[in-house]
Amino acid sequence: MTTLVFGHTSPDTDSTGSPIIWAWYLNEIKGEDAKPVLLGQPNTEAAFMLKRWNLDQPEIIEDVSEGQPVVIVDTNNPAELPKSVNSADIRSIIDHHRLVGGLETRGPLEIRIEPLACTATIMWKMIGKDMAQMPTGVKGAMLSCILSDTLEFRSPTTTQEDKAIAWDLAEQLGVDIGDYAAEMFAAKSDVSAFSDAELLRMDSKEFELPGKSFRVSVLETTAPQVVLDRKDSLMETMKTVAAEDGVDQVLLFVVDILREEATLLVPNDLVKGMAEKSFGATVEGDTVVLPGVMSRKKQIIPNLKL
């Protein structure tokens with residue numbers, strides 16, 4: 001049976017590119033029948049990557065069947081995976097996020113989780129000398145994943161390994177990192193076609209604190225004002241999204257890639273109190289700027305307090 005390789009729901013560039021990378025490796029190097037799939041429509045940056053490197057968009061699936069062999073990449077959180085994932089045959093997990101727990105496997109499996117900025121960086125290390133056989137398009141996906149997850153090395157999650165591998169790939173591909181990253185971020189910043197609800201779910205993760213549950217949404221952009229001009233309708237839509245998704249509150253952080261800061265929308269006293277306790281901020285209106293905050297994984301979720 002074909003092994004399905006997928007990342008998290010609401011796929012970003014890493015959760016779109018990494019399944020393509022690993023499915024190539026399983027098929028061409030390991031001789032296993034594998035197929036990349038997505039758990040939703042890729043975001044605008046991921047779609048740009050696919051077009052730029054002439055890669056077919058993987059099939060979008062909603063669930064997995066019992067006993068289906070799968071490889072999970074860029075997450076280990078059941079809340080971000082198909083509802084029937086624990087009935088599948090999970091063969092391996094490759095990830096760079098905190099360990100959540102809750103996945104069940106049919107037998108021993110290979111797990112590789114490292115504190116790096118990007119899943120594709122881990123894959124580069126795992127593939128090793130066989131990288132020489134990787135086609136240009138797949139290498140382009142790998143570079144795109146690293147530049148996206150590191151925000152062109154601006155994110156505090158960036159390691160020297162991420163940088164070195166990105167520069168090596170860029171040299172092989174004949175790509176100027178600054179120019180290419182600017183194209184990627186421009187694609188990511190074009191959110192005009194998305195509804196408020198889509199924006200709030202586009203790059204989001206569920207998180208719980210004692211007695212409260214949250215959808216923590218991040219929008220990384222080089223044009224933050226485009227999003228902030230919609231703040232009134234976004235804050236109103238937060239109520240609907242929270243009710244539909246079964247959480248108490250949606251938190252939206254608009255990350256300005258160039259200024260290296262985040263703006264948190266403050267729709268109510270709950271979020272105001274969280275901003276003050278979590279980030280030491282002084283909140284005087286319905287938004288608050290958080291200088292230097294760019295990473296949900298390293299700077300936002302670990303600091304959230306009620």
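## Reading helices, a sheet and pockets

User: What can I say about how H1 and H4 pack?

Analyst: Helix H1 (residues 13–29) and helix H4 (residues 136–150) pack at about 145 degrees, with their axes 9 Å apart. Helices (H or I, at least four residues) and strands (E, at least two) are DSSP runs numbered from the N terminus. Axes are lines fitted to C-alpha atoms, for helices over the stretch in contact, and angles run from 0 to 180 degrees between N-to-C directions. One caution: this is a predicted model, where local features need pLDDT of at least 70, side-chain atom pairs count only at pLDDT 80 or more, and totals for chains, interfaces and linings use all residues. Residues are numbered from 1 along each chain as its sequence is written, and side-chain values use heavy atoms, leaving out hydrogens and water.

User: Which residues of H1 and H4 meet?

Analyst: Contact means heavy atoms within 4.5 Å. On the H1 side, Thr13, Asp14, Gly17, Ser18, Ile21 and Trp24 meet H4 residues including Val138, Ala141 and Met142.

User: How do I read a sheet?

Analyst: Strands of a sheet pair through backbone hydrogen bonds, either parallel or antiparallel. Two strands count as paired if DSSP finds at least two bridges between them. Here five strands form an open sheet in the order E7-E8-E9-E10-E11, with mixed pairing. Strand E7 (204–209) and strand E11 (287–291) stand at the edges with a single partner strand each, so one side of each has no neighbour in the sheet.

User: How many bridges join E10 to E11?

Analyst: Five, and E10 (residues 261–265) and E11 run antiparallel. Glu261 stands opposite Pro291 in E11.

User: What lies across E7, E8, E9, E10 and E11?

Analyst: That's helix H9 (residues 231–245), which runs at about 135 degrees to E9.

User: What about pockets?

Analyst: On a 1 Å grid over the protein atoms alone, a pocket is an open set of points where a 1.4 Å probe fits, with protein on both sides within 12 Å along at least five of seven lines; lining residues have an atom within 4 Å of a point. Grid points are joined across faces, edges and corners, and a volume is the space filled by probe spheres set on the points. The largest pocket has a volume of about 630 Å³. It is lined by 38 residues, and His97, Asp203, Lys205, Arg296 and Lys297 lie nearest its centre. E8 supplies the largest share of that lining, four residues.

User: And the second largest pocket: what is its volume?

Analyst: About 390 Å³. Its lining has 20 residues, and H7 gives the most, with four.
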